[in-house]
Amino acid sequence: MFVTRFPSGEGRWQISTGDGRTPRWVRDANELMFVGGPLGGAKQMMAVPISVRPTFAAGAPAKLFDLGEEFTAFGTPFFDVTGDGKRFVMVRTRTDAGDRSRSRWVLVQNWLAEFTSR
């Protein structure tokens, strides 16, 4: 996976040492998170520290954790990272063989409060 300047398209810097997909920028942490691992193989959540001043520089990718099959059943995991880099939001597939006619819903109230400045 590579990054380049936007909108000029100048420069090209390698971020992942292998396969990398679905990058997400973590604003407050100056990190780029992405999913690593070979197509069809085990996937890991990866992080790369990024510096943009005085020039662009990327650190070495580090594995944060393994992603189980329930997060990768769609091929590429659906996820996002909060701006502070402290939490992930992920979609996972249902793995139990129970009654598929029943659904479980989780109601999260006042979720917008998580995004207001403190």
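Me: Contact means heavy atoms within 4.5 Å. Take contacts in the chain between residues at least 6 apart in sequence: what percentage join residues at least 24 apart?

Reply: The share is 27%. Keep in mind that this is a predicted model.

Me: What confidence does the chain have, on the mean?

Reply: Its mean pLDDT is 78. A value of 70 or more is reached by 80% of the residues.

Me: Where is confidence lowest, and where is it highest?

Reply: Helix H1, residues 69-72, is lowest, with a mean of 64. S6 is highest, at 90.

Me: How many helices and strands does the chain have?

Reply: Count one helix and nine strands. Now put them in sequence order. The pattern reads β-β-β-β-β-β-β-α-β-β.

Me: What part of the chain counts as buried?

Reply: Buried means under 20% relative accessible area. By that cut-off, 25% of the 118 residues are buried.

Me: Which residues make up the largest nonpolar core?

Reply: A core is a set of buried nonpolar residues joined through side-chain atoms. Here the largest one has eight residues: Val 26, Met 33, Val 35, Met 45, Ala 47, Leu 67, Phe 79 and Val 81. Three strands each give at least two residues to this core: S4 (31-36), S5 and S8 (79-81). Another core lies apart from it, with seven residues, including Met 1, Leu 32, Met 46 and Ile 50.

Me: What is the phi of Thr 22?

Reply: Start with the general idea. Most residues other than glycine have a negative phi. Thr 22 is not glycine, yet its phi is positive, near 50°.

Me: Now for peptide bonds. Which residues does a cis peptide bond join?

Reply: Again, begin with the general idea. Most peptide bonds are trans. In this chain, a cis bond joins Phe 6 to Pro 7, with omega about 5°. Pro 7 is in the loop between strand S1 (2-3) and strand S2 (13-14). A cis bond also joins Arg 53 to Pro 54, with omega about 5°. Pro 54 is in the loop between strand S5 (43-51) and strand S6 (57-58).

Me: Let us go to the surface. Which residues form a nonpolar patch there?

Reply: Look for Val 106, Val 108, Trp 111, Leu 112 and Phe 115. Together they have about 590 Å² of accessible area.

Me: Are Val 108 and Phe 115 buried or exposed?

Reply: Exposed means over 50% relative accessible area. Val 108 is exposed because its value is 53%. Phe 115 is exposed too, at 61%.

Me: Where in the chain does Val 108 lie, and where is Phe 115?

Reply: Val 108 comes in the segment after strand S9 (88-90). Phe 115 is likewise in the segment after S9.

Me: How many Å separate the C-alpha atoms of Phe 115 and Thr 82?

Reply: The separation is 8.8 Å. Along the chain, these two are 33 residues apart.

Technical notes:
Residues are numbered from 1 along each chain as its sequence is written. Side-chain values use heavy atoms; hydrogens and water are left out. Helices (H or I, at least four residues) and strands (E, at least two) are DSSP runs, numbered from the N terminus. Buried means under 20% relative accessible area, exposed over 50%, partly exposed in between (1.4 Å probe, protein chains only). Patches are made of residues with over 30% relative accessible area and no salt bridge: like charges are joined within 9 Å, nonpolar side chains (Val, Leu, Ile, Met, Phe, Trp, Tyr) within 5 Å. Accessible areas come from the Shrake-Rupley method with a 1.4 Å probe; for residues, only the protein chains shown count as cover. A salt bridge is a side-chain nitrogen of Lys or Arg within 4 Å of a carboxyl oxygen of Asp or Glu. pLDDT is the predictor's confidence in each residue, from 0 to 100. A nonpolar core is a set of buried Ala, Val, Leu, Ile, Met, Phe, Trp, Tyr and Cys residues joined through side-chain atoms within 4.5 Å.
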